[in-house]
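This report describes how the chains of one complex meet, and then looks at some features within single chains. Please keep the sequence and the structure in view while reading.

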Amino acid sequence: MAIDSKVVARAAHLARLRVDDSETAELSARLNDILGMVDQLQQADVDQVEPLAHPLEVSQPLRDDRVTEPDVRDKVLPLAPASEDGCFLVPRVIE
Amino acid sequence: MHDKTLTELKAGLQAGDFSSRELTEHFLERIKRHDGELNSFITVTEEQALRQADAADQAIAAGDHRLLTGLPIAHKDIFCTEGVRTSCGSRMLDNFTAPYTATAVEKMAAEGAVMLGKTNMDEFAMGSSNETSFYGPVKNPWDTERVPGGSSGGAAASLAARLAPGATGTDTGGSIRQPAALNGVTGLKPTYGRVSRWGMIAFASSLDQAGPLGLSAADCALMLQAMAGHDDKDSTCLNEPVDDYLGALDQSVDGLKIGVPEEFFPDNLDGAIAENARDAMRELEKQGAKLVKLSLPSIKLSVPAYYVIAPAEASSNLSRFDGVRFGYRCENPTDLEDLYKRSRSEGFGAEVKRRILVGTYALSAGYYDAYYKRAQKVRRLIRDDFSRAFKDVDVIMGPTSPETAFKLGAKADDPVNMYMADVFTIAVNLAGLPALSMPSGFINGLPAGTQVIGNYFQEGRILNVAHRYQMATDWHQQAPGGFA
Amino acid sequence: MSHSGNWEVVIGLEVHVQLATESKIFSGTSTRTGDEPNRHASLIDLGMPGTLPVVNKEAIRNAIRFGLAVNADIARRSVFERKNYFYPDLPKGYQTTQLAEPIVGAGEVEVQLENGDKKVVRIHHAHLEEDAGKSLHEDFHGQTGIDLNRAGTPLIEIVSEPDMSGAEDAVAFARKLHSIVTSLGICDGDMSQGNMRFDVNISVRRPGEPLGTRTETKNLNSFRFMEKAIALEVARQIDVLEDGGEIVQETRLYNGETNTARSMRTKEDANDYRYFPCPDLLPVMVSEEEIQTLRDELPELPDARKARYIEQYQLSAYDADLLSGSIATARYFETAAEHGGDAKLAANWVMGELAAKLNAEDKDISDSPVSAEHLGELIQRLKDGTISSKIAKQVFEACWNGEGSPDRIIEAQGLKQMSDSGELEKIVDQVIADSPAQVEDYRNADDAKRKKKIGFFVGQVMKATQGKANPQQVNQLLQQKL
């Protein structure tokens, strides 16, 4: 499944990565190399096989419903590129 | 002092031959002297190290000897360490001071370890040569024109050059074992779920596992003893008892059944590499182990399966780096879209972006079944191959890496060729098994490593096998010249 | 605009129910609301690098409770997946939710319509997920502030089948769900606070034709708004179609103040959410024993409560439905009935005076200034003849205005009914003596007319006693003496 610059642009948009036109050709070529290698998967006969998401098939441990996490606002807000009045700041969001 | 193993240094501290402060100052001094050449550390935490060393000395004076009391350890810069920059080798986190500490690091600190600093790595652990780091490549101490492997390249190189006596790493597709092999040190990737992932910046959550790198299997056993164990904060960290790894080291290997998969010795494998691994197995045969030929037919698909699953998980795991709450933000974003796109494009390097794109594509509508789901099915086949094999054998062995350290830049423009560096290590992550790499000789003056794979939670067994091997050989005691 | 011919309306609901747990679904952070921004945003909720989720047991149990209440299949194994998209109120860049293997499977709910008809609305499934944070647009001089206190609050999303054919069905279904989750105690149910959020999928078609293109209307924070919004959207779609236009699949935002809706974003730029199983979490396994225990512990549900009201209090089906519908109303009613010793009177007061007053002041029954105990007390005084029903309304009013308990008000304002017949007799005699013309007129009338004419004397007596006389007693005395 070869991918072209349009597919690359679509994936880049979904991943919120900016890919300049100058990079697309090179990037498409690299991605095609990778996907070419990955396409070996199509050889496998897996019709009767269940997908495996985790190596150890165990179940989710559940936590008691208790408040254990402290207020860390004063510690984490300084890590933010922009904050004000206890909020993280971003350019205006239009809904 | 620096030629001693962690185990020997521990004995020295207990005997009062030297203090933790002396030991720590000695390694800090060596880092200052040699790391300009190697670039194995991103951050050296001198003040904190000396404070911890003094505390350790007081503990020792009070008779409080824990597993790692007073021993200097270098942590991979993928582990969050409160109050210390945690960059993950990325521009994205160059300004990120972690607000908390990873469980693995905390457990080692609780056992008295002294943190020397944070080691260099491939950006977000994506790489096999340490060339994708925002902080520049690490040099291999055996030949500084060559790569140290990756992604835990800084950890392995700092150990080989004796800038640290013990180190932590993480292994998603071979990131502990391959650099261990390329630097002539021992590195262990535990069973998935053996060491908590809390505080370890995620690359591919279902594959990532933290583990130790050391100068010997015994050193790795000592560090793992401290790192391993259940953690309520990681749902995937198993509540299994932690074995006595140190106590199991000396067991005999008489009668041990070693599986030798034909897939680890393909026709196109470098003859010297194959011979090196066979020599290692012969050494164990001398001690009574039996070699059993076997086949793991599905592992030939492990690299393609891995390069779907790992990028897919990574594409999602790395979405949180959006320039809003922490990390890099571009200058003067015009709107939200611009903020996201420029922050991420400027903050991430080329390889990380490639993998995000591959993962995004593999998960997108219309391709999910062909790529992601299919890769997960292949993953089951691979795991089942191993499970079948472990009915007949105790451990599985082969070369860790298909080649010794390659020249810097040799593969930088060829990602697929670079991915093949992990051809023997990747299947182990897909199956979630424990495996280690131990030094097994030199090819043209460069270290080669042999991989020992165990069944689930058999860390004690593979450490024991490596330890017995190291009792009979001295490859692990060799150090590169030029770092006196 | 009038519409030609028959149109069929097809409605399905997606309902987000905030679970009333102490802590968030994947972190031990408080779910409290109303505090300063980001005071309840822990390292995990913020998506700090290296942090990991652990599932809250109570969230799982609450989802199961809901499933049991709507007779749904409970999945023995359910899987959390990641829904990937970028938004500033979504810290990790994905929402952890369920898709292929939700915890609650198909179920159904029976609703009662005003005309007495019953209707079954099928539930497609319900799944667990985390809520997002909030974007604040005010006070940030042209920028947007992000508050993540709500991020990670547990939700169940209930997805109905498109079984509703109008606003009445949809609102009845929504009310029923509200009643179920509040009866279960798994949700606070305050729609104005977003505890329960209803998104309505609406399409119209000519009878016999395939389903039309649907739109989704959001931001319906009361049942009244839901009803209006549906009417608005149905009319809009029919207008568009009758004008030869096409319905665009889109999300519409309803504004209750202006009763208008606008398109939020068309699905043209349809996101590709790239769902996949969350690798940080493992499948949630639920045992038969656990399900059985939860089933055994289920509280009384609205249908059972309604049946009990009919049986125990001899209420009509309609009254029983109204009173049992909301857990708050039911609790209020039962308390008032118990304290007043008369369920029918209590029912009348709760649905009458109280409902009118609450409605007029836009208050919730749980915030009623007259407590259920006080209403019970009032009913008792009414029953034992201490006050008349007219005075009772006055006492209720005073009680509503915070003047104290009914007994205190009756005492303080001297509203006790005049039960001393000697004193009353004197007043009756006085009224008769003061109105010779009316007495004459009365005596000359026939029986039928007398019944009307006696009203004048009753009024005079009540006036003289400031309404404290027992009207029946007054009537009796007047008839004797006239």
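Between chain A and chain B there are 5 salt bridges, a salt bridge being a side-chain nitrogen of Lys or Arg within 4 Å of a carboxyl oxygen of Asp or Glu. One of the pairs that meet in a salt bridge is B:Arg383 with A:Glu57, at 3.1 Å from N to O. The model is predicted, so local features need pLDDT of at least 70 and side-chain atom pairs count only at pLDDT 80 or more, while totals for chains, interfaces and linings use all residues. Residues are numbered from 1 along each chain as its sequence is written, chains are lettered from A and ligands numbered from 1 in the order in which they are written, and side-chain values use heavy atoms, with hydrogens and water left out.

**Chain A with chain B**

Across this interface, 22 residue pairs are in polar contact, both residues being at pLDDT 80 or more. A polar contact is a pair of N or O atoms within 3.5 Å; within protein, one must be able to donate a hydrogen and the other to accept it, and residues adjacent in sequence count only if both atoms are side-chain atoms. On the side of chain A that touches chain B, two or more residues come from each of H1, helix H2 (21-38), H3 and E3 of chain A. Helices (H or I, at least four residues) and strands (E, at least two) are DSSP runs, numbered from the N terminus. H2(A) gives the largest share of that side, 8 residues. Sorted by class, the side has 36 nonpolar, 6 polar and 10 charged residues. In this sorting, Ala, Val, Leu, Ile, Met, Phe, Trp, Tyr, Cys and Pro are nonpolar, Asp, Glu, Lys and Arg are charged, and the others, Gly among them, are polar.

**Chain A with chain C**

Here the rule finds 4 salt bridges. A:Asp71 forms a salt bridge with C:Arg39, with 3.1 Å between the closest N and O atoms. Two or more residues each come from helix H1 (5-14), strand E1 (62-63), helix H3 (73-76) and strand E3 (87-91) of chain A on the side that touches chain C. The largest share of that side, 5 residues, is from E3(A). By class, the side has 15 nonpolar, 6 polar and 14 charged residues.

E1(A) is also joined to strand E2 (residues 55-56) of chain C by 2 bridges, and the two run parallel; strands pair if DSSP finds at least two bridges between them. In this pairing, A:Leu62 stands opposite C:Val55.

The table gives the buried areas, meaning the accessible area (1.4 Å probe) that two parts lose on being put together, summed over both.

| Interface | Buried area | Share from carbon and sulfur atoms |
|---|---|---|
| Chain A and chain B | about 5,300 Å² | 70% |
| Chain A and chain C | about 4,000 Å² | 56% |

**Within chains C and B**

In chain C, 3 strands form an open antiparallel sheet in the order E5-E4-E15. Strand E5 (94-97) and strand E15 (276-277) stand at the edges with a single partner strand each, so one side of each has no neighbour in the sheet. Strand E4 (residues 81-84) pairs with E5(C) over 4 bridges, and C:Glu81 stands opposite C:Thr97.

Chain B has 16 helices and 11 strands. Its C-alpha atoms fill a box of roughly 65 × 50 × 45 Å along the principal axes.
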